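This report describes how one protein chain folds. Have the sequence and the structure in view while reading.

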Amino acid sequence: MHIGQICTSQATHCTRDETVQGAALLMRRQHVGDVIVVDRFDGASVPVGILTDRDIVVSVIAPGLDPASLQVGDIMSEDLLTARDSDDVYETIEKMRLRGIRRVPVVDGSGSLAGIVSADDLLEFLAEEMGELSRISPWQQAHERRARQ
């Protein structure tokens with residue numbers, strides 16, 4: 001299965017020149033814990049970073065800085081892992097595991113933001129897969145009973 005089939009297509013995003021306070025308000029309005037930071041090229045929104053609620057707390061609130069005076073680009077994480085919407089789910093999980101990353105922006109074939117996938121999204125997918133696997137044995141037993149009557 002491709003990651004594009006699992007990702008949330010409405011990824012909350014902003015540009016790097018947004019204030020940290022503006023990004024925090026965006027997170028609040030959208031009920032999310034992160035925003036994808038994008039640069040805009042020819043109408044495309046290309047992911048260049050990510051800002052999490054934890055980044056804001058650790059980098060701005062804890063040291064007592066003014067979130068209205070800082071831009072998202074000042075504190076965003078730039079070491080960004082992205083996945084193409086056509087990437088395999090299990091390969092993406094492995095990349096996330098190796099890098100210790102819980103959220104991954106998903107891009108389309110042209111590199112434009114197509115969505116986001118989180119560890120929670122993947123856990124839900126895997127739970128459904130395991131549920132389907134657990135139904136094999138009872139189905140097989142019922143099939144065998146019918147065949148031997």
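This is a predicted model: local features need pLDDT of at least 70, side-chain atom pairs count only at pLDDT 80 or more; totals for chains, interfaces and linings use all residues.

Strands here are DSSP runs of E with at least two residues, and helices are runs of H or I with at least four, both numbered from the N terminus. Another bridge links R103 to S118 of β6.

Strands β5 (residues 103-107) and β6 pair in the antiparallel sense over 5 bridges; pairing requires at least two DSSP bridges between the strands. The two form a hairpin with 5 residues between them, and G111 in the turn has a positive phi of about 90 degrees.

## The sheet

β4, β5 and β6 form an open sheet in that order, with mixed pairing. Because β4 (83-84) and β6 stand at the edges with a single partner strand each, one side of each has no neighbour in the sheet. In β6 (residues 113-118), 5 of the 6 residues are buried, meaning under 20% relative accessible area with a 1.4 Å probe, protein chains only.

## The nonpolar cores

A nonpolar core is a set of buried Ala, Val, Leu, Ile, Met, Phe, Trp, Tyr and Cys residues joined through side-chain atoms within 4.5 Å. The largest has 15 residues; V20, V35, V37, L51, I56, V72 and I75 touch the most other members. Its largest share, 4 residues, comes from α1.

Apart from it lies another core of 12 residues, including C7, L81, V89 and V104.

## Basis of the values

Residues are numbered from 1 along each chain as its sequence is written, and side-chain values use heavy atoms, without hydrogens or water. Local features need pLDDT of at least 70 and side-chain atom pairs count only at pLDDT 80 or more, while totals for chains, interfaces and linings use all residues.

Definitions and conventions:
Buried means under 20% relative accessible area, exposed over 50%, partly exposed in between (1.4 Å probe, protein chains only).
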